[in-house]
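The sequence and structure come first.

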Amino acid sequence: MKVEIRLTGALHREILEDLARRHPFAAERVGFACGRVGSLVDRGILVLLNRYHSISDDQYLEDRTVGARIGRDAITWAMQAVYHGRPAHEGIFHVHLHDHRGATGMSPVDGREIPKLMPGFQSVGREAVHGMIILSRDHGAGWVWLPGHLEAVTAGRISVIGKPVGIFEQETGP
Amino acid sequence: MSAGRFARQSFLGTDSQERIARCTVGVAGGGGGGSHVIQQLAHIGFQRYVVYDGDVVEDSNLNRLVGAKTVDAAAETPKLHIAKMMIYGLQARARVQGFAGRWQDNPEPLRECRIVFGCVDSYQGRYELEVACRRYLMHYIDIGMDVHGENPPVIGGQIVLSSPGGPCMRCMGFLTDEKLAEEAARYGKAGARPQVVWPNGVLASTAVGLAVDLVTDWTRRPLTHEYLVYDGNTGEVKRSLTLRKFEFRGCPHFPDGEVGDPVAVEL
């Protein structure tokens, strides 16, 4: 299934600027982006991000086993955002930055920890698409959980509609 | 594709051809303006296209339809075919999704585009394209020309860039309720407006220049919107006076959150 995540250049810049800020103790930052769905040919999915929520410093927990761990208040905000977005089928995306250039992907910790959030999001926003996005300085990767699905689908590309137009395509195997 | 093919445009950036090749472009209307746009996009190296045009070539098109030949009018060749021949003739490996009809009848392929060129005749058609581009986050570049008056006739035209998050064609003063209402009063028909090849060439070239800048950022200048006015009698292209003291404080016509498929809400 073709899945693309799309956002404006201004939103992409806002996210990068927020995530690049140094935190008092966490090794990295995370945030949440909200997005709605557009249909593509052959039942493809276009995820259109429309806003970003920065997580304040005091909502991080000290945990040296992960780059960043967020607390109950941040998760509660995300769940409420999903709840309020239900009429528009608006989903939520966990976003963080791998601070390098070029293609990026899930670390073992990312793959183990972040998907744990999805069942909760799906239970509140059953008809929305939720997911996770990992950005690098000039690339990115995303995974979406479709309504009723336990497994993620990899987004084939992330498009940044700004100047320049950014198109971050996932490399396909041989 | 030989490396030397794009050597003369290498100033666009070291990765510019990859950026250009990855960017899907849409063209709604393959007539006088659209045929110029398509030709230039193919020369530049764009590889992914979505093209809509349901018309066939007629005698009256041959004064301006780039790529069409005399035989095409006699054969009633679809304009879509002319567009495909132009693209494949320059980019044999291009992926062209072509539709012999209105984009509104098959809107999903258009959403794959990052940049859409509107080469349509009516204000309503422009408005509908802009709505689609806003909902699905695509740059929209509109071109159009007209000839009015008699002593002498005056050729005018416009190139408008409307990008998601930036001012729309209403904000910039190009689309107005009055224009839409006047057109609707004529039952939406633009009529057989005078059209000639060279203004379309100027408009299309300027529009494609904006697109290449959006894709490659070769000028390094901010570009969130544009409204350029063409005076075909003097040959000048100038920024619209409506932008001179324009201060953008958010677009009230397309709020940022209003994206994606419309969702029916039960009342």
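Which residue in β8(B) is the bridge partner of B:Val229? The bridge partner of B:Val229 is B:Lys238.

## Basis

This is a predicted model, in which local features need pLDDT of at least 70 and side-chain atom pairs count only at pLDDT 80 or more, while totals for chains, interfaces and linings use all residues. Residues are numbered from 1 along each chain as its sequence is written, and chains are lettered from A and ligands numbered from 1 in the order in which they are written.

## Chain A overall

Chain A has four helices and 11 strands (DSSP runs numbered from the N terminus, helices being H or I of at least four residues and strands E of at least two). Its C-alpha trace spans about 45 × 35 × 30 Å along the principal axes.

Buried residues make up 46% of the 174 in chain A (buried means 20 or more other C-beta atoms within 10 Å of the residue's own, with C-beta atoms placed from the backbone). Of the contacts in chain A with a separation of 6 or more, 63% are between residues 24 or more positions apart (contact means C-beta atoms, placed from the backbone, within 7 Å).

## The side facing chain B

In chain A, 23 residues are in contact with 26 residues of chain B. The elements of chain A that give two or more residues to this side are β1 (3-8), β2 (30-39), β3 (45-54), β10 (157-161) and β11 (166-169). By class, the side of chain A has 12 nonpolar, six polar and five charged residues (Ala, Val, Leu, Ile, Met, Phe, Trp, Tyr, Cys and Pro are nonpolar, Asp, Glu, Lys and Arg charged, and the others, Gly among them, polar).

## Strands in chain B

Strands β6 (residues 154-162) and β7 (residues 225-231) of chain B run antiparallel and are joined by seven bridges (pairing requires at least two DSSP bridges). B:Ser162 has B:His225 in β7(B) as its bridge partner.

Four bridges connect β7(B) with the antiparallel strand β8 (residues 236-239) of chain B. Their hairpin has four residues between the strands, and B:Gly235 takes a positive phi near 80° there.

Technical notes: Buried ≥ 20, exposed ≤ 12 C-beta atoms within 10 Å, placed from the backbone. Contact = placed C-beta atoms within 7 Å.
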